[in-house]
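Trainee: Could we go through this structure together, one question at a time?
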Amino acid sequence: MRSRAIRLLISHGILSALVLAMMLVAGSSVPLRAQGLRMPPHEKVVLKNGLTVLLLEKHGVPLIDISTIVKAGAVADPAGREGLASVTAELLRKGTKTRTAQQFSADLDYIGGSFEGDATSDYTVINAEFLTKDLARGLELFSDALLHPIFPEDETTKLLAQSADGIRAAKDDPQSVMFPYYDGYLYGSHPYARPASGDEISLAKIRRDDVAKFYETNYAPSNTIIAIAGEFNVDEIKSKLEQTFDSWPTRSVKSEALPPVTPAKSKRLLLIDKPDASQVYFAIGNTGVSATDPDRVAIRVVNTIFGGRFTSQLNEALRVESGYTYGAESFFDDRKVAGPFAIFSFTKNETTTPAIDLALQVLEKLHKDGVTEAQLKSAKSYIKGQFPPNIETSRQLARIIASHEFYGLGDDEINQLEAHVDAVTPEIARQVIQKHFPAENLVFVLIGKASAVGPAVKKYAQTQDTRPISDPGFWPAPAASKK
Amino acid sequence: MRKAKWNVFVPAVLCAALCLCSGATIALAQQQQEFPVATRTLKNGMKVLVQTDHNIPNIALYIFYRIGSRNERPGTTGISHFFEHMMFNGAKKYGPGDLDKVMEANGGSNNAYTTRDVTVYQDWFPRSAMPLIFDIESDRIRDLSFDPAKIKSEREVVASERRLSVDNENSGVLDEQLWATSFIAHPYQWPVIGWMSDIEHWTIADLKHHFEMGYAPNNATMVVVGDVSPEEIFKLCETYIEPIPTHDPPPPVTTVEPDQMGERRLVVHKPAQLPLLMLGYHIPQTNNADFYALNVLRTILFQGESSRMYQRLVDKDQIALDVQSQAEPAFDSTMLEVVAQPKQGIDPQQCEKAIYEELDRASNTPVSDKELEKAKNIRLVEFYRQMRTINGRANTIGTYEVFFGDYNKLFDAAKNYSAVSKEDILRVAKTYFGANNRTVATLVPEATPKAAQ
């Protein structure tokens, strides 16, 4: 549910990294009706070179999915070279020791396979998929890109230019760039401020050598998790994987701990001016929680009531009762350390302050009134009833087990989900609201026509910033430009 | 372009049921056994298709109504889609707001989408919610209410949806203009969401008329996939759906779009950082025999980074970020769209020229054996990608049933694709990709207006 707003970004071709992070948080299990939700059995093998391999046999359709996490995401991008993790992952398939980019695509497409690399804030992710009958060829292609990329100069230049233009195109569609602006403005000097996609300025500074260095520093067996799920025999595939990846030489990787996140301590508002916009898009919130926060299930239950489904308090108020918008929602994007929390919606220029006022009232009411037994009962049924389709396919399961391994979460994330959901009481909800749903020090990011909405939104925060959407970069003004 | 009740956040999985679906030479008998479908036609004329799948303890239920924006008239464009929204806003037993609240409190969720041809309602729910879902569906098919206050606020919701997906989204604007220019007679010319002035002006009487016209059980097909047996579903249908009386379906759409006799061009000037190019070619309705050859050709031209268009425009000439094609299922002669996103500083006409050269090549020289095999392999994988979820299956089975008149065509697709020859591909390329048959839409960026300080 939380991935909904972000999922918009993916359809516009860039920034898809964000999506994965969010979809993964869901958790999973394959449910035998009588037993409740259960994670299907899976196996973990650590090869001699330190590579973690996860195997999950899943029958139904003859497809195999690989989800690989390299433990270096946008947070590992050097300042001024934002987007490097993402570009490195995208370039894996653009030339190997034995294949040109064109040969790789031809071989991959011939079997109807897919291969894509991208980065989230926390990690790099590389996903591949092919038919079971093409296992040998699919695995060979996948390992070729992962282990033997050469990052040709011309392919690197080409991709960087395309990525920068992709950001320019995305800025023509305001909602698709809301969250890079929001993260930038909310997180300030913390690495979570960095746009995983990079921006027009940082992408222009990246060179082929930066990419090669990023790969050599971070792509090592001990820093990598390969999850594979689908229609295969575990024992057979295990030996194939060992043969394929045993030769990947060990390399030591030094990992830097992320600095802790400091929530915003005062109200701030950023208005991104898009002078032709007839609708204003807004995100309001503060920092949220980490993927391992002990309150995460209770937060999910409360957020379902507040802004996580069609009949949520936010959507009821802003859409169903008032007609201000086509949709309003809230989400927590759980990451290694506290990820963002946001309320997100949009409305025509004329109803900007009535809609924002109403969203703030709904938040205030949540703090004042808490949630009722009846609301909890409904949200619990909803979460439990809607969960199974999150663990329906081998693609979903591969991504979930890889992400759980990365964040240090176990199968109980799914096996105990129903029990943890059921355990939430109005009192627990009250505590969770006080602790995790921001009340006072809200950060506002708006994209809209400044001349139409600027004066009215001054009331929300003393600190105000404005910049044209046509200015390169997101926020803050890229460090590189100051150098 | 489809419009949905709750599309802001809707997963992208529903897209492209037809364009992507099908198999290659792998035994289709085997596919049919893998995915058996039980069917029954109720006494009131509604056809019900059920496929059991115990992978997860959930069910996807789709109801396809054969009514969309092609059944509208000038002045009330967009009313099918608006009506789709009203189907969630109260009936006799479940009043305004009740449907969503009751469904979610029982673990279910819903959505709907409207196209030029159909309106489709979707419910996703755990087994335990099964009788309730049927009670809700029968209530709104039989006894929808028209609350003036709800109509007023929902009108604003749809206006916001239009601002989101058309007015503030360049591809939305250009797509709308392309259809309006390519079609001069047939109702495919207006947008599914409707012109803004129509959204502002339709009346309760228009809505009631639309309901009476389209929402007959004999104008609908139900598809259920998931953790349930056909017998259970048929029994629920007998109780809840079968008593709903039959009535006349919408009058046939008799207007035939005349042949296009020369290229049409249009330009949209709009503040933007990058230009945009869309081309439209008239192609036959979905159940035409050329469907398969056209899809194989589209796969060779557009799908994957080894496709001809990607290789040419994105990789070699480096004039575009992306080039794609789309063709939605349609009852009548429709349009194949090509969308190219030129790079910054590139004249869209450069992209046009490269696209035409590739289309000419496909019309004059046979594709290679390897390309043909590749396209068939891709179609097979896409078949399994759609069949891996109960949601994908319900949508795909329903789409084949409604647009081909027989869901079995889904399982025949493998055979039909493998029968496509190089000569067929040459013929369809020549037939449909001529200059006289195309409409060219270009978005030209204009300087951003200075904010009034």
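Trainee: Happy to start! What should I know before reading any numbers?
Mentor: This is a predicted model, in which local features need pLDDT of at least 70 and side-chain atom pairs count only at pLDDT 80 or more, while totals for chains, interfaces and linings use all residues. Residues are numbered from 1 along each chain as its sequence is written, chains are lettered from A and ligands numbered from 1 in the order in which they are written, and side-chain values use heavy atoms, with hydrogens and water left out.

Trainee: How many helices and strands does chain A have?
Mentor: Helices (H or I, at least four residues) and strands (E, at least two) are DSSP runs, numbered from the N terminus. By that count, chain A has 20 helices and 12 strands.

Trainee: What is the radius of gyration of chain A?
Mentor: The radius is taken over C-alpha atoms, and the globule rule is 2.2 Å times the number of residues to the power 0.38. For 483 residues the rule gives 23 Å, and chain A comes close to that, so it is as compact as a globular protein of that length. Its C-alpha atoms fill a box of roughly 60 × 60 × 35 Å along the principal axes. The radius of gyration of chain A is 23 Å.

Trainee: And what share of the residues of chain B count as buried?
Mentor: Chain B has 17 helices and 12 strands, and its C-alpha trace spans about 65 × 60 × 40 Å along the principal axes. Buried means under 20% relative accessible area, exposed over 50%, and partly exposed in between (1.4 Å probe, protein chains only). Of the 453 residues of chain B, the buried share is 65%.

Trainee: Which helix gives the most to the lining of the largest pocket?
Mentor: On a 1 Å grid over the protein atoms alone, a pocket is an open set of points where a 1.4 Å probe fits, with protein on both sides within 12 Å along at least five of seven lines, whereas from a cavity the probe cannot get out; lining residues have an atom within 4 Å of a point. Grid points are joined across faces, edges and corners, and the volume is the space filled by probe spheres set on the points; here that is about 810 Å³. Of the 27 lining residues, the closest to the centre are Val75(A), Ala76(A), Asn218(A), Lys254(A) and Glu256(A). The most, 5 residues, comes from residues 208-218 of chain A, helix H9.

Trainee: How many charged residues are in that lining?
Mentor: Asp, Glu, Lys and Arg count as charged; Ala, Val, Leu, Ile, Met, Phe, Trp, Tyr, Cys and Pro as nonpolar; and the others, Gly among them, as polar. The lining has 12 nonpolar and 5 polar residues, and its charged residues number 10.

Trainee: Is Glu329(A) buried or exposed?
Mentor: Glu329(A) lies in strand S9 (residues 328-332) of chain A. Its relative accessible area is 0%, so Glu329(A) is buried.

Trainee: What angle lies between the planes of Tyr65(B) and Tyr121(B)?
Mentor: Rings of Phe, Tyr and Trp (its six-membered ring) pair if their centres lie within 6.5 Å; planes under 30 degrees apart count as stacked, over 60 as edge-to-face and the rest as tilted. A search of the whole structure finds 45 aromatic pairs over all chains. Tyr65(B) and Tyr121(B) form an edge-to-face pair, 5.7 Å centre to centre, with an angle of 85°.

Trainee: Which strands does that pair tie together?
Mentor: The two residues are 56 apart in sequence, so the pair ties together separate parts of chain B. Tyr65(B) counts as buried at 1% relative accessibility, and Tyr121(B) also counts as buried, at 1%. The strands are S4 (residues 58-65) and S6 (residues 119-126).

Trainee: Which residue lies over the ring of Tyr110(A) with its charged end?
Mentor: A charge sits over a ring if NZ of Lys or CZ of Arg is within 6 Å of the ring centre and within 35 degrees of the ring normal. Over Tyr110(A), the charged end sits 4.9 Å from the ring centre, and it belongs to Lys370(B).

Trainee: Last one: is Gln318(B) buried or partly exposed?
Mentor: Gln318(B) lies in the loop between helix H12 (308-316) and strand S10 (320-326) of chain B. Its phi is near 55°, a positive value in a residue other than glycine. At 31% relative accessibility, Gln318(B) counts as partly exposed.
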